[in-house]
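Here is a short briefing to read alongside the structure on your screen. Take a moment to turn the model around before you start on the notes.

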Amino acid sequence: MTPHIKVLVVDDQFLIRAGLVGVLRAAPGIEVVGEAGDGAEAVELAAEARPDVILMDIRMPGMNGITATERILAAAPDPAPRVLVLTTFDLDEYVYGALRAGAAGFLLKDSGPERLLAAVAAVGSGDALFAPSVTRRLVEAFAQRSGSTPLAGSESPPGLESLTGRELEVLKLIARGLSNAEIADRLYISEATVKTHLNRTMNKLDIDTRAQAVVMAYESGLVTPGDQGL
C-alpha cells in the first residue's frame, strides 16, 4: 500500500508553486496540505497542517527559506517535517545554509515530475535524498569559494569531544562521502554497527540529518576540503 505523505509547498512564484502542486496532487499517496508564498506563511502553515514533507523555496522576499526552515524545525514536535529545498542551481550558498539549518536535502527546480515525486517519497519515508558525496561536493565548493572552511577558527561544536574514537572515524568517513556500506567495508564492521555509531554521534551532536553531520565535520575542522585519509 502506498504511504500517505502530507506535503506543504512553499514558493513565492505562483506559476512554479502551482506546477508543483499540480504534479503532487496527481500522484497517489500524496496530499498537498497547504501552499505558502513566503517564509512567514510557511512557518504558520507548518504548525497548523503538520506536513511530513515541505518543499521550501530559498530565495523569497521577507523571511527566506533558511530562516523558515530553522523556525519550523525548532518548533516542530516529533516527528519533525523533512524539508526539501528548492533551488535553481545545486552549488547555491543558500542551499548550504539550508542544509546546515537541518534541511534533509535539495531539489533543482528544473527537475522533472518523476524526480520530484521520487524525492518526496524518499524523504517522506525517512530515507536520505541523495548520496553523501553530493553534500560533500556542495560543502567543499562553498568552503573553497570562501577561501577556508565556513567557520574556520571557531570553537568545536558541543558534543564533539564526547565522541568515541570509532564515532569520530564514522563521522569523518560520512563527511568524505562514503555510504554506510562503504564505511562498514572500510572499518570491517557491519552496516548495522555503522548506523548505531551514526545515531549515537547525531544524538551527542544534537543534529537530525546526515547532511548536518557532513557540514559539522567540515566546520569543526575534523575534515578539510580535499582530505581523503582517515
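Predicted model: local features only at pLDDT ≥ 70, side-chain atom pairs only at ≥ 80, totals over all residues.

The protein has 230 residues, and 46% of them are buried. Its secondary structure consists of ten helices and five strands.

**The protein as a whole**
- Among contacts with a sequence separation of 6 or more, 68% join residues 24 or more positions apart.

**Helices α2 and α3**
- A helix pair is described by the angle between the two axes and by the distance between them.
- For α2 (residues 39–49) and α3 (residues 65–75), the angle is about 20° and the axes are 9 Å apart.
- Angles under 35 degrees count as roughly parallel, and α2 and α3 are therefore roughly parallel to each other.
- The crossing of these two helices, α2 and α3, is right-handed.
- On the α2 side the contact uses Gly39, Ala42, Val43 and Ala46, which meet Ala68, Arg71 and Ile72 of α3.
- Sorted by class, the residues in this contact of α2 with α3 are five nonpolar, one polar and one charged.

**Helices α4 and α10**
- Buried residues in α4 (residues 93–101) are Val95, Tyr96, Gly97, Ala98, Leu99 and Ala101.
- The axis of α4 comes within 8 Å of the axis of α10 (residues 210–219), and the two cross at roughly 105°.
- With that angle, α4 and α10 are roughly perpendicular to each other.
- In this contact, α4 provides Tyr96, Leu99, Arg100 and Ala101, while α10 provides Ala211, Gln212, Val215 and Glu219.
- The class count for the contact of α4 with α10 is five nonpolar, one polar and two charged residues.

**A look at Glu35**
- Where is Glu35 found? Glu35 sits in strand β2 (residues 30–36).
- Glu35 has a relative accessible area of 30%, so it is partly exposed.
- Apart from neighbours within four places in sequence, Glu35 is in contact with Leu8, Val9, Arg17, Val21, Arg25, Glu41 and Leu45.
- Glu35 and Asp12 are 23 residues apart in sequence, and their C-alpha atoms are 9.8 Å apart in space.

How values were computed. Residues numbered from 1 in each chain as written. Heavy atoms only, no water. Axes fitted to C-alpha atoms, helices over the stretch in contact; angles between N-to-C directions. Helix = DSSP H or I, 4+ residues; strand = E, 2+ residues; numbered from the N terminus. Parallel < 35°, antiparallel > 145°, perpendicular 65-115°, else oblique. Left-handed = near helix turned anticlockwise from the far one by under 90°. Contact = heavy atoms within 4.5 Å. Nonpolar A, V, L, I, M, F, W, Y, C, P; charged D, E, K, R; others polar. Buried < 20%, exposed > 50% of the residue type's maximum accessible area, 1.4 Å probe, protein only.
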